[in-house]
Amino acid sequence: MYPLLLFTLGMAIPPWLPAPLPWHAPAAVAVLALSGRWPGWRTGLLVALCAGLALSALRIRLRLDDMLPPAWENRSQSVELQVIGLAHYGLISTRFDAQRLQLHTPDAALPATFSVADRERRAWPAGSVWRAELRCKRLHAYANPHAADTERWLIAQRRLANCSVRQRRALPARSSLQAGIGQMRERLRDRFDRVLGDHPAAGVLMALTLGERTGIDRAQWDVFARTGTTHLVCVSGVHLGFVAALAAWAALRLARRFGRGRWPPRLLACATGLTAAGVYALLAGFGVSAQRALLMLAACGLALALRSRWPARKIWLSALALVTLADPWAVTQPGFWLSFGLVAALLLAGSGRLCRPGWLAGNLQAQGAVSVLSVPLLAGWFGQLPWVSPLANAWALPLIGLLLTPLSLLAVAQPFDPPLRWAADLIGLAMSPLDWLAQWPPWTLPTPPVWTLWLAGIAALLMLLPLWPLRLLLLPCWLPLLLARAERPPPGEVWATVLDVGQGLAMVVETRRHVLVYDVGPGNADWNVADSTLLPYLAGRGITAPDRVMLSHADADHAGGWPALAPRWPHSQCQVSQPEALDARWPCGACRAGQRWHWDGVDFEVFWPGNDAAALETNASSCVLKVTGAAGRSILLTGDIGRASEAALLGLPLRADVLISPHHGSRTSSGDDFLAAVAAQHVVVSAGYLNRYRHPQAAVWQRYADHGMTRWRTDRHGAIDIRLGREVVVSAWRQRAPRYWRPRDKD
């Protein structure tokens, strides 16, 4: 058991390291250990650990070698590709995953699997084969503190490049199991659209059966998040376990009813359950989470079929080793920790019992064990604790997982349409109590120190053991996690963060007791970048809502997320340069030159626009704000003003230590006279990675250097943190949190 545990530990370590581990080093140590004269059990433990390290490091090296070379970024390639899975048709583009079949451009390079966006929103049937002209970018995502590490998730999903398609030509289809499954899933999705239309539960029904969660709207996701039931609409171990158990039970009953046959009933039940779970996993797209769940079921089924005397903890460890061996990146996903962690909680809670509890006592005991261990897991991964999660799961887990999921699969399997509508109606009824429970918001925690998570996690595991006095003594170990508070700026200081939101701007300015959000980033009716950047950052800082929101102007790259954020922040004061350009449902006041306020020893002054803002072009009317700390250090926020607006500002006290670049470094802004008047030590450019506007322009980027400014840009450095005290300290998130798949930042 211990060699298996150390092998699993070795597989789990390399994906978390900031730099790739050379696989040769642990492999050499393992060879030396085998050739030495150490005692046997020590050699076995060391070899197991080193073998796990070497194998995981080798897998990482091979995946990194498959990534798009920098030399082929934004260059046209002629590629023969096959569509994987289902395409997603959004308001702006069609997106799908593809597999490389053949390269037709000499010396071209492209990963084996990648993502594709088609801005012409053409149809891309599942399994279809095309010859297309692509322009690709390396794996790249927003990099912000307190937000999800999307790049790590993309590597785990094998999406190693992001491509845009131009020309295409259809080629004869290639038959394969993967293509056949994709085509079947697409036909079922089309049937859902035809039969259910705009039914409120259509997206949930599609998620339960096909694993497609794109049909779930934002309001439904909020309900699942607030009630801690998100896992119910992600095809994972819960769903596959229920389906496998139901199929195994039915096979066992039939075998006992009609005779044993050639197979023993236990073996028949295990084979039937695993087959049913495998078919369900294929129907749901056979994603990474479904693969992990199927491996767990295979380990459990094998032990049961062979009448193994293994204790449950060994079966659990075997499943853990299989999942980690199949996918080392699984350990970087919250689903891995939640699934294995909560099963471990159940095993620990049931160990050492002198008698078997009754049905009610057993369920309460299991729910209590899961709730205890889920506290550090949910706090660490999501920064929130849904108060109503035990009650919501007690209602939804058996109803949706045990009853409605099999009924939904049966409704999909039969050819008639009414059962599909009935299944959707039942799901809608089952979700009604969740809508009511979601009125109680979860307890949001700021991002805690890592040591508090480990302390609370170890205490939670020990509390699950049948040692009542020890449980009471361990309760204080939770206090550092539950009472953690985010550090705040001292009086008179300014802490500002320019978030990485792609081609747009979102910035948070903090004083001792107040928060200003300057711009909220891109967004539209189909998508909102604030959900994955601004809101997680504020939550991680322990901020529920800002005191004031200033939208520099109404363009979508600066204010596109406001319609989604305004209902969340009803008490936040809002200002914008041209209020008439915003949606009338979410009115804002006007920012005008001369406005000023004072927070915690920090001065805020609006320099632009004047009272004629309505007559100006949208960019030219951007709110220009100067923030000055008690020590005289200041930062100048400029929106998208151009050179005409810059010239109008030259008579004002523009001098600042940090400049937020006007208009993302466009050639129409950042004139020499303006830069000389500001005389900043640092300049920050918020721009998208390899954006089509080529912001910041090369000439402007060089102009910043000519004026002696230290240059920062979100597309290369991620979020930029600025601290104005007696000194000016600027740092970048990608430098503070390096990752092994990122190339070294270049100037």
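Which residues form a nonpolar patch on the surface?

1. Leu403, Leu407, Leu410, Leu426 and Leu429 form the patch, with about 480 Å² of accessible area together. Patch members have over 30% relative accessible area and no salt bridge, and nonpolar side chains (Val, Leu, Ile, Met, Phe, Trp, Tyr) are joined within 5 Å. A salt bridge here is a side-chain nitrogen of Lys or Arg within 4 Å of a carboxyl oxygen of Asp or Glu. Areas come from the Shrake-Rupley method with a 1.4 Å probe.

2. On provenance: this is a predicted model, in which local features need pLDDT of at least 70 and side-chain atom pairs count only at pLDDT 80 or more, while totals for chains, interfaces and linings use all residues. Residues are numbered from 1 along each chain as its sequence is written, and side-chain values use heavy atoms, with hydrogens and water left out.

3. H14 and helix H15 (418–437) each give two or more residues to the nonpolar patch, and H14 gives the most, with three. Helices (H or I, at least four residues) and strands (E, at least two) are DSSP runs numbered from the N terminus.

4. Helix H14 (residues 389–413) also holds Thr405. Thr405 is buried at a relative accessible area of 1%, whereas Leu403 is partly exposed at 43% (buried is under 20%, exposed over 50%, partly exposed in between; 1.4 Å probe, protein chains only). Leaving aside residues up to four places away in sequence, Thr405 touches Leu208, His239, Tyr280 and Ile400 (contact: heavy atoms within 4.5 Å).

5. An open sheet of seven strands runs in the order S16-S17-S18-S19-S20-S21-S22, with mixed pairing (strands pair if DSSP finds at least two bridges between them). Strands S16 (596–599) and S22 (710–713) are the edges, each pairing on one side only. The twist averages 15° from one strand to the next. Helix H24 (residues 698–706) packs on the sheet, touching strand S21 (682–685) and S22, and its direction makes about 145° with that of S22. Axes are lines fitted to C-alpha atoms, for helices over the stretch in contact, with angles from 0 to 180 degrees between N-to-C directions.

6. Two cis peptide bonds deserve a look. The bond from Trp608 to Pro609 has omega near 10°, and Pro609 is in the loop between strand S17 (602–608) and S18. The bond joining His695 and Pro696 has omega of about -10°; Pro696 is in the loop between S21 and H24.

7. Asp600, in the loop between S16 and S17, has a positive phi near 50° and is buried at 12% relative accessibility.

Key:
Patch = residues over 30% accessible without salt bridge, like charges linked within 9 Å, V, L, I, M, F, W, Y side chains within 5 Å.
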